[in-house]
Amino acid sequence: MSSYVSLSPADLALASILILVNAGVSMAFRLGLERTLLLTTLRMVVQLLLIGLVLRWIFQQTSPLWTLLLASIMIAAAGREAITRQERRIAGWSSYGLGTGTLLMVGTFATIFAVGGVISPDPWYAPRYVLPILGMVLGNSLTGIALSLDTLTSTAWRERAAIEARLALGQPRLMALRETTRRALKTGMTPILNAMAASGIVSLPGMMTGQILAGVDPVEATKYQVLIMFLIAGSTALGVLLATFGGVLLITDDRHRLRLDRLVTKEKAPAG
Amino acid sequence: MLRVEQLTIPGLPDLTFEVGDGQCLAIEGPSGIGKTRLLRAIADLDDVPGQVFLDGAERHEMPAAQWRRQVRFAAAEPGWWGETARHSIEEAGGTLERIEKMTSDLGLDPAILDRPVSQLSTGERLRLALVRALADQPRVILLDEPTGALDKASAALAEELIRYQILAGRTVALVSHDRGQIERLADLRLQLADPAAGGSP
């Protein structure tokens, strides 16, 4: 690959000047984001450097155990991210369990589907394939799951009088929450539909850009991107579906009562 | 007959009482004491320890939906879904004829059923919620301030409809701040009081 240009630390230092624009905006409008910006930038650089080193090491091992360990950490982290920033989240561990459990299912499903059925690397658990695919599936599914759960709880809160009126008439919980569920599903699916519609025209997806910059033929890069898009779309849809219905069950009980007492608002949420 | 046994609502002593068919129980007490929570507990909308029987069958012996089709809670601030009032009233069940009859009995033109709920006044919505609660003829009707936001004439019509339900043999539990209304409708009275406030030396 003669076209691949390796980046030196000096190149990256030069590029980091661009962050100063963000700092400038923050200072000009007194947004007070300078500290957050500095920390977030440092955090990103350190996180990416670390994962680069870890990945290099794990790729050299090609050990199913190490691959599994890193995959588990990724899933747990994604599960936490999917829930943490919710305005009103389901109290206790059940919401994290729902987020992590859903991501575990869709991540496993999509990754095994990809390496087992489509790409067939040798060995099938080759971390070079498994981990990036899992990462992309998790990153996108967690957005969908977070949006749908957030929509579910905020809509149920806003529409609680209507939902309870329906329950009082003897409607089962799935029926009383039908419009709420539908809205949550739709909101969760929207980003991936937008991404698919815009890709290629508005945006070149990051994975494809990366491959092209690293010297891969654009058509080859496109093929992988299409595969990834299918994987992401399918797993997001599955994740949104599982998380939404799981969420509906968690904010109601088996006597078909609306249990908004199980929600905590962001401010009141206990740490951790 | 509706029978409540050892129902434990926080802040209140355990409640045990009976209301027969064709009887109306008025539930009285200061604001915030738990009148609404009592009605909600009877309808099994809140998880409250204790037992509630309808003709000897306890609420938890049957599916929640079946219980609430017989034991109906009508909220003081009713919620709506769908475009028109007709949409949610028809989902509640009951014949079209009965729905339109009750609507006009309450002094409303049945055409109002097809107007968007968001364009209706509070009083119109409260009366339509009463129609919705009664449309499928539940056995027990739990009314939380059914005439609270109504003018005198509309309140009298609503009261008439409630009286008709009692005469037809249904059981009514009524939360109301209108003393005259309680005098006119109630056969039984339940006074809720905070045991800590009244009993302590």
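Which residues line the largest cavity? They are B:Ala74, B:Ala75, B:Leu126, B:Ala129, B:Leu130, B:Asp144 and B:Pro146. The model is predicted. Chain A and chain B bury about 1600 Å² between them.

**Layout of chain A**

- Chain A has eleven helices and two strands.
- Read from the N terminus, its elements follow the order α-α-α-α-β-α-α-α-α-α-α-α-β.
- Along the principal axes, the C-alpha atoms of chain A fill a box of roughly 70 × 55 × 40 Å.

**Where the chains meet**

- Chain A brings 17 residues to the contact, and chain B brings 23 residues.
- Of the roughly 1600 Å² that the two chains bury, 50% is on carbon and sulfur atoms.
- On the chain A side, A:Leu169, A:Arg255 and A:Arg257 lose the most area to chain B. Together these residues make up 42% of what that side buries.

**A helix pair in chain B**

- Two packed helices are described by the angle between their axes and the distance between the axes.
- In chain B, the pair is α5 (residues 122-134) and α6 (residues 152-167). Their axes come within 11 Å and cross at roughly 10°.
- Angles under 35 degrees count as roughly parallel, so α5(B) is roughly parallel to α6(B).
- From α5(B), the contact is made by B:Arg127, B:Leu130 and B:Leu134. From α6(B), it is made by B:Ser154, B:Ala158, B:Leu161 and B:Gln165.
- By class, the residues of this contact are four nonpolar, two polar and one charged.

- Rolling a probe the size of a water molecule over the atoms shows where empty space is left.
- The structure has two cavities of 30 Å³ or more.
- The largest cavity has a volume of about 60 Å³. Which element gives the most to its lining? That is α5(B), with three residues.
- B:Leu130 is one of the residues lining the largest cavity, and B:Leu130 also takes part in the contact of α5(B) with α6(B).
- The lining of the largest cavity has six nonpolar residues, no polar ones and one charged residue.
- The second largest cavity has a volume of about 40 Å³. Its lining is made of A:Ile83, A:Gln86, A:Arg89, A:Ile90, A:Ser95, A:Leu98, A:Leu149 and A:Thr153.
- In chain A, β1 (88-90), α5 (93-119) and α6 (127-158) are the elements that give two or more residues to this second lining.
- The lining of the second largest cavity splits into four nonpolar, three polar and one charged.

**An open space: the largest pocket**

- The largest pocket has a volume of about 1700 Å³.
- How many residues line the largest pocket? There are 34. Of these, A:Tyr4, A:Leu48, A:Gly52, A:Leu55 and A:Gly210 lie nearest its centre.
- The elements that give two or more residues to this lining are α1 (9-15), α3, α6, α10 (206-213) and α11 (218-250) of chain A.
- The largest share comes from α3(A), with eleven residues.
- The lining of the largest pocket divides into 26 nonpolar, six polar and two charged residues.

**Two backbone details in chain A**

- A:Asp122 and A:Pro123 are joined by a cis peptide bond, with omega about -5°.
- Where does A:Pro123 lie? A:Pro123 is in the loop between α5 and α6 of chain A.
- A:Thr62 is not a glycine, yet it has a positive phi of about 45°.
- A:Thr62 sits in the loop between α3 (34-61) and α4 (64-84) of chain A.

Terms used
Residues numbered from 1 in each chain as written. Chains lettered and ligands numbered in written order. Predicted model: local features only at pLDDT ≥ 70, side-chain atom pairs only at ≥ 80, totals over all residues. Heavy atoms only, no water. Axes fitted to C-alpha atoms, helices over the stretch in contact; angles between N-to-C directions. Helix = DSSP H or I, 4+ residues; strand = E, 2+ residues; numbered from the N terminus. Parallel < 35°, antiparallel > 145°, perpendicular 65-115°, else oblique. Contact = heavy atoms within 4.5 Å. Nonpolar A, V, L, I, M, F, W, Y, C, P; charged D, E, K, R; others polar. 1 Å grid on protein atoms, 1.4 Å probe; cavity = no way out; pocket = protein on both sides within 12 Å on 5 of 7 lines; lining within 4 Å. Points joined across faces, edges and corners; volume = space filled by probe spheres on them. Buried area = accessible area lost by both parts, 1.4 Å probe.
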